[in-house]
Amino acid sequence: MDLDAFTELLTPRGRRALAEAEELAGADPVAAATTLRRTYDAALTSAALTQAGLRERARAKFGADAGRMFFTPHGLEQSTRAEVAEHRARRLLALHGAGAPRVADACCGVGGDLLALARAGCTVTAVDTDPLTVAVARANAQAFGLADRVTVTVADAAQVRPEDYDVLFADPARRTGRGRTFDPMAYSPPWPVVLGLLSRARLACLKVAPGIPYEFIPEGAEAEWVSYKGEVKEATLWTGPGGGRRATLLPGGHTLTATGVRAPTGPPGRFVYEPDGAAVRAHLVGEVAELVGGRLLDPMIAYITADERVDTPWASVYEVDDVLPFSLKKLRAALRERQIGNVTIKKRGSAVDIERLRADLRLKGDKSMVIMLTRIADKPSVILCKAPSPA
């Protein structure tokens with residue numbers, strides 16, 4: 001889909017083509033294209049079918065709003081889930097204080113965050129280097145009646161003047177010609193440019209990959225890891241509110257911040273807790289252990305054990321059935337004895353290949369179990385846990 005084809009999608013004729021393409025969702029691609037080609041040219045047919053497919057994929061991130069939005073393939077992949085963008089917009093307003101902030105969006109993409117910011121009351125001036133992406137972002141602002149709060153232009157992020165705005169928001173592209181990149185130096189714009197923008201902003205919000213190395217976090221910035229329904233989605237670096245580490249769980253809105261507590265280490269108890277990935281990424285396992293009155297099985301591994309069950313949104317809890325030194329023969333025998341035919345395998349601090357182990361276990365039976373491969377006191381171990389059940 002090029003810019004001309006996308007522009008035609010916004011015309012009355014193009015919107016009719018898109019509506020017809022959406023009605024053909026799930027049909028054989030060749031048959032769908034053949035049907036549309038009876039009325040529309042090849043370029044518009046391709047653009048409509050592409051956009052209909054992207055909207056369908058986007059429902060996982062944007063819900064019902066996806067049916068009114070426009071996307072590019074890369075733009076959809078990098079766009080922020082709506083609930084996460086809304087959380088970030090609310091926090092940005094709270095940190096800014098009174099009044100509606102003027103926000104510079106230095107790498108707007110297709111506008112997922114832009115929409116959340118504008119809906120929250122911000123006035124947003126956004127840029128992106130790709131003309132098609134800019135056209136898509138503009139169309140999305142217009143689709144939700146936000147054009148009076150949003151200006152989107154083709155420009156390089158390096159041209160943005162953060163000092164002219166109340167807040168800087170940036171979401172650098174994390175893709176290269178070889179695919180997704182986890183190296184901040186390979187971001188677009190490059191990391192030194194991003195840091196230069198942050199240094200000139202009064203308040204800044206920078207979206208980064210959740211695996212960002214700690215050495216790239218600017219001094220004095222707060223790093224927040226966000227988990228949605230148990231899956232870590234991203235990290236956000238905030239400059240302005242003060243430093244530290246924070247984890248946030250959505251959709252519940254639970255937040256945990258670093259206190260410096262160090263969890264004790266001790267033997268396995270009746271329960272094992274698996275902390276949410278946002279807490280692990282934020283190095284807040286000690287704080288989670290304190291919440292449940294627990295201790296670490298190993299000082300370097302994020303499994304917590306305790307003698308009492310304490311339910312918390314910050315960890316999944318499993319009741320321990322047995323703890324064994326790791327041995328394929330002993331593990332196979334233990335599972336056979338318990339008539340286990342289905343296992344959920346988790347691991348931390350173990351080099352065992354999970355799929356190969358699953359095949360080697362040769363499971364038979366009608367019962368289920370969770371097994372955790374880990375180290376206890378630096379020794380390879382396996383924890384047999386009963387399948388989880390509600391508290």
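**Domains, sheets and a pocket**

Modeller: The domain assignment divides the chain into domain 1 (3–68), domain 2 (78–250) and domain 3 (271–385), with bounds from an automatic or database domain assignment. This is a predicted model, in which local features need pLDDT of at least 70 and side-chain atom pairs count only at pLDDT 80 or more, whereas totals for chains, interfaces and linings use all residues. Residues are numbered from 1 along each chain as its sequence is written, and side-chain values use heavy atoms, with hydrogens and water left out.

Colleague: How do you know that domain 1 is in contact with domain 2, and how many residues take part?

Modeller: Contact means heavy atoms within 4.5 Å. By that criterion, eight residues of domain 1 meet 15 residues of domain 2. The C-alpha centres of these two domains are 29 Å apart.

Colleague: What makes the nine strands an open sheet, and which stand at its edges?

Modeller: The order is β3-β2-β1-β4-β7-β9-β8-β10-β11, with mixed pairing. β3 (150–154) and β11 (254–257) are the edge strands; each has a single partner, so one side of each lacks a neighbour in the sheet. From one strand to the next, the twist averages 20°. Strands (E, at least two residues) and helices (H or I, at least four) are DSSP runs numbered from the N terminus.

Colleague: What is the angle between helix α8 and β3?

Modeller: Helix α8 (residues 131–143), which lies across β2 and β3, runs at about 170° to β3. Angles run from 0 to 180 degrees between N-to-C directions, with axes fitted as lines to C-alpha atoms, for helices over the stretch in contact.

Colleague: What is the strand order of the sheet of seven strands?

Modeller: This open sheet has the order β13-β14-β12-β15-β18-β17-β16, and its pairing is mixed. Strands β12 (residues 271–275) and β15 (residues 315–325) are antiparallel over five bridges, and Tyr-273 is bridged to Val-317 in β15. Helix α11 (residues 285–292) packs on the sheet, touching β12, β13, β14 (304–306) and β15.

Colleague: Why is the largest pocket called a pocket, and what is its volume?

Modeller: On a 1 Å grid over the protein atoms alone, a pocket is an open set of points where a 1.4 Å probe fits, with protein on both sides within 12 Å along at least five of seven lines; lining residues have an atom within 4 Å of a point. The volume of the largest one is about 590 Å³, that is, the space filled by probe spheres set on points joined across faces, edges and corners. Its lining has 32 residues, with Gln-78, Gly-109, Asp-128, Thr-133 and Ala-173 nearest the centre. At least two lining residues come from each of α5 (73–78), α7 (112–119), β2 (123–128) and β5 (175–176).

Methods:
Pairing = 2+ DSSP bridges.
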